[in-house]
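Please read these notes with the model open beside you. They are arranged as numbered points, each on one topic.

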Number of protein chains: 2
Amino acid sequence: MKRSDRLVALTNYFISNPRQHTSLPYFTTKFDAAKSSLSEDLDIIDQRFREEGLGYLHRISGAGGGVEYIPSHDEEASLIFIDQLCDMLADSSRILPGGYIYMSDILGNPKTVRQIGHVFASVFSEMEIDAVVTVATKGIPLAYAVASFLNVPVVIVRRDPKVTEGSSVSINYVSGSSRKIQTMVLPKRSLKEGTNVCIIDDFMQAGGTITGITSLLKEFQANVQAIGVLAEADDEEDERIVHDYTSLIKIHNLMSQDNIQVSRGSFQSHKN
Amino acid sequence: MKRSDRLVALTNYFISNPRQHTSLPYFTTKFDAAKSSLSEDLDIIDQRFREEGLGYLHRISGAGGGVEYIPSHDEEASLIFIDQLCDMLADSSRILPGGYIYMSDILGNPKTVRQIGHVFASVFSEMEIDAVVTVATKGIPLAYAVASFLNVPVVIVRRDPKVTEGSSVSINYVSGSSRKIQTMVLPKRSLKEGTNVCIIDDFMQAGGTITGITSLLKEFQANVQAIGVLAEADDEEDERIVHDYTSLIKIHNLMSQDNIQVSRGSFQSHKN
């Protein structure tokens with residue numbers, strides 16, 4: 001196989017398998033190529049990925065060594081993308097009664113969802129994360145997008161037990177905004193004890209949902225390493241019960257519906 | 001930019017943007033390359049994609065022409081992958097009371113989900129599909145995987161109306177297996193009239209859920225072009241109300257729990 005063919009095959013492999021450690025002999029055998037040629041291929045791809053703001057190839061030399069594609073979104077590109085999301089959300093026809101905003105069209109676009117996943121995966125790229133946890137329904141596509149860049153599984157918390165998941169652990173918690181008692185359920189076999197997780201959700205007001213997930217995860221002795229929400233509303237900021245999180249977007253005055261504004265979320269301060 | 005750099009950048013572009021028509025001048029400008037060089041690049045990528053079973057580059061010449069990556073999974077590779085899924089499911093600890101099977105771990109793996117999406121997108125690749133429709137919760141990751149390969153949005157039907165989605169259309173239907181009256185809801189603004197859709201779900205018994213979605217879609221004058229389910233159970237096959245669909249896996253005797261077997265679904269007969 002010629003270099004040009006190898007470059008196409010390798011680029012596809014890395015983009016399709018982020019954060020998967022692969023030994024060099026796997027590639028030299030697959031492509032019937034010398035180690036030195038393969039090494040040059042990897043240099044070319046690494047350089048190109050960096051220049052395109054896609055991330056980089058992490059190479060480990062020696063026995064047991066190999067290469068891994070670390071997708072980390074260029075910070076500049078992340079901010080441009082977040083500003084585009086802000087523009088999309090700053091449309092008064094999106095405002096719904098009760099302090100909500102219509103985002104289903106944005107969350108329904110697989111390409112947008114994938115980009116959001118890339119941004120979060122970049123923020124969490126230095127952390128030890130073994131699984132992404134979300135709660136049904138709206139957080140699910142975002143959780144998969146983040147998980148695919150981190151190469152870890154997704155675990156879905158439900159608000160009602162389902163017969164198709166076997167025995168479950170459930171907790172009750174007080175919803176932040178409505179002060180109602182709510183339930184969350186996770187199948188027993190979905191998470192091993194001591195797993196390092198990040199929590200992903202689409203929207204946060206006071207933070208009751210995130211707090212509920214956190215309590216449920218305690219039952220599984222899971223360690224919450226990070227929390228990411230696409231959008232937060234600042235109406236109940238004073239009463240917020242969740243403090244350490246990354247949001248891409250912040251919506252101001254959504255509840256009062258007076259002078260609603262959309263700006264960058266806590267992502268910016270995290271990076272600066 | 002050298003050919004090797006262009007090949008890396010172009011491969012990433014196509015893999016990340018399937019089914020997106022792009023004009024050649026976009027690339028010649030971006031890479032500051034001659035049309036003839038770019039054309040050779042595309043030949044190399046097209047050939048490699050075909051040999052790796054990833055699909056092909058569809059090129060349209062003339063004014064308004066350009067190039068588009070059509071991801072179509074190699075049939076052989078699809079069958080090998082389906083057989084792997086069958087092996088994973090053929091594990092008696094997965095069987096749950098009431099004719100269900102535990103699949104959350106398989107559906108929680110983003111890479112597996114993506115491969116399932118690739119297989120379905122290949123089956124539907126010649127059809128006119130403008131959106132993928134699924135019902136919360138388990139079908140969601142599969143729907144996004146299919147949609148990302150088809151480059152179309154996802155629309156999620158719910159079983160309960162949500163305050164965050166605005167005014168909705170709802171229908172009642174009779175569940176196939178339990179004969180209970182159930183509800184399905186879709187926000188009014190989620191689907192334009194006359195949209196061509198495919199329906200994706202994780203599991204089908206008698207087909208009540210799919211029939212429910214179909215009825216709801218009639219309210220939106222949508223045209224159901226195709227139906228894809230990951231797994232079907234054959235217990236209620238005689239009473240099945242949905243006939244034209246593609247399943248990857250078929251589970252035999254799940255309800256009776258006696259001599260349960262897992263085999264390839266209707267995918268095989270579709271292709272032969």
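1. How far apart do the C-alpha centres of domain 1 of chain A and domain 2 of chain A lie? They lie 33 Å apart. Domain 1 covers 3-71 and domain 2 covers 75-271 of chain A; these bounds come from an automatic or database domain assignment.

2. A word on the basis of these notes. This is a predicted model, in which local features need pLDDT of at least 70 and side-chain atom pairs count only at pLDDT 80 or more, while totals for chains, interfaces and linings use all residues. Residues are numbered from 1 along each chain as its sequence is written, and chains are lettered from A and ligands numbered from 1 in the order in which they are written.

3. The contact between the two domains of chain A takes six residues from domain 1 and seven residues from domain 2. Two residues are in contact if their C-beta atoms, placed from the backbone, lie within 7 Å. On the domain 1 side there are three nonpolar, two polar and one charged residues. Here Ala, Val, Leu, Ile, Met, Phe, Trp, Tyr, Cys and Pro count as nonpolar, Asp, Glu, Lys and Arg as charged, and the others, Gly among them, as polar.

4. Chain B has an open sheet of six strands with mixed pairing, in the order β6-β5-β9-β10-β11-β12. Strands (E, at least two residues) and helices (H or I, at least four) are DSSP runs, numbered from the N terminus, and two strands pair if DSSP finds at least two bridges between them. At the edges are β6 (154-157) and β12 (261-264) of chain B, each pairing on one side only.

5. Within that sheet, β5 (131-135) and β9 (196-204) of chain B pair in the parallel sense over three bridges. Val132(B) has Cys198(B) as its bridge partner in β9(B). Helix α7 (139-150) of chain B packs on the sheet and touches β5, β6, β9 and β10 (223-233) of chain B.

6. Which peptide bond of chain B is cis, with omega near 10°? The bond from Ala136(B) to Thr137(B) is, and Thr137(B) lies in the loop between β5 and α7 of chain B. In chain A, the bond from Ala136(A) to Thr137(A) is also cis, with omega near 10°. Most peptide bonds are trans.

7. Asn151(B), in the loop between α7 and β6 of chain B, has a positive phi of about 60°. Asn151(B) counts as partly exposed because it has 19 C-beta neighbours inside 10 Å; a residue is buried with 20 or more other C-beta atoms within 10 Å of its own, exposed with 12 or fewer, and partly exposed in between.

Notes
Axes fitted to C-alpha atoms, helices over the stretch in contact; angles between N-to-C directions.
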